[in-house]
Amino acid sequence: MSQEQPMRDQGQEGGAKSPQGIRYGDVFNVTGELACQPIAPQDAETMQTAEYAVLGAPQPGGPAALMASAAILNQYVGVVRGNQASDMARQQGITITETPIPGGKIVTEFVAGQAVGQYAVADTHIGGGAGDQGGSNPRGGGGDDEGSDQRNDDNTKLTIGEALEATARAIGDEPVLASDAVAIGAAETTACRADVTIPGGIGDAAIAAASNNMWAPNDEVKIKLGDILSNATTDMLADRPVEPEDAEKVGDAEVGNKLDHRTRPGGVAVALAAAARINQDDTPQV
């Protein structure tokens, strides 16, 4: 007689409905068929292997850890087996991408082509180590407290302009959307400490691009994010380090103009949030 524990079915426990377990849609902001599938042990193991390969270790509280916890429960209640993978993950794969930004990188984790996690990872080698207080500054900028052109006064911090240029590197080939334009405008006014859109600035250019793209016959002729943001640090009238409240303001502007209320992967809001996090991580503890 086999000693393997049988899968539970709908006829057990007095005809009670079979448990659905924890599905992807219960844990992650995903849609479609993936959202309805239970998280399987092989999915979690594959994501954990990918995190080891890219990050050197699983991300604490990250997608692999969440998937592992869900898979254990799903196996316990009998909706999956120990060596099982979900159909979507098996067919379309589990991947991790890295997008370089000044001071680090943005890591995005995917299951079946849908993002299940995105976060910033600081470059621990920036600045030549904790003891390096001098040397040249790769970002430039003046050293006075009140520069005449209102550029970045703190040369150790990532600026709003640099975050916008990171978006150009990450998804510069993507057409400008209305939500991008609003986020770019919010970022520019924040950098310049202005209350209204800067006439002739990159916010204005982004709005015009988004309007043009709505009527463009195909993607080939649409204006891309890279066209607007590639030189943001010099195109803006002023620039300054990204603070958490700046990232929050830009994030609210972007998601407030999207039907799904989600930030664009690798987009303006994500880049500013990543820069703000890195700036906080670099702040000396008193």
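I began with helix α8 (residues 178-192) and helix α9 (residues 202-215), which pack at about 175° with axes 8 Å apart. For my own reference, helices (H or I, at least four residues) and strands (E, at least two) are DSSP runs numbered from the N terminus. Axes are lines fitted to C-alpha atoms, for helices over the stretch in contact, and angles run from 0 to 180 degrees between N-to-C directions.

This is a predicted model, where local features need pLDDT of at least 70 and side-chain atom pairs count only at pLDDT 80 or more, while totals for chains, interfaces and linings use all residues. Residues are numbered from 1 along each chain as its sequence is written, and side-chain values use heavy atoms, leaving out hydrogens and water.

α8 and α9 are therefore roughly antiparallel (over 145 degrees; under 35 is roughly parallel, 65 to 115 roughly perpendicular, the rest oblique). I then listed their contact (heavy atoms within 4.5 Å): Ala178, Ala181, Ile184, Gly185 and Glu188 of α8 meet Ile202, Gly203, Ala206, Ile207 and Ala210 of α9.

Next I looked up helix α12 (residues 244-255) and helix α13 (residues 268-281), whose axes come within 9 Å and cross at roughly 165°. This pair, α12 and α13, is therefore roughly antiparallel too. Among the residues in contact I noted Pro244 and Val250 of α12, and Leu272 and Gln280 of α13.

Eight bridges join β2 (residues 104-111) to β3 (residues 114-122), and the two run antiparallel; strands pair if DSSP finds at least two bridges between them. Thr108 has Gln118 of β3 as its bridge partner. Two residues lie between the strands of this hairpin, where Ala112 takes a positive phi near 55°.
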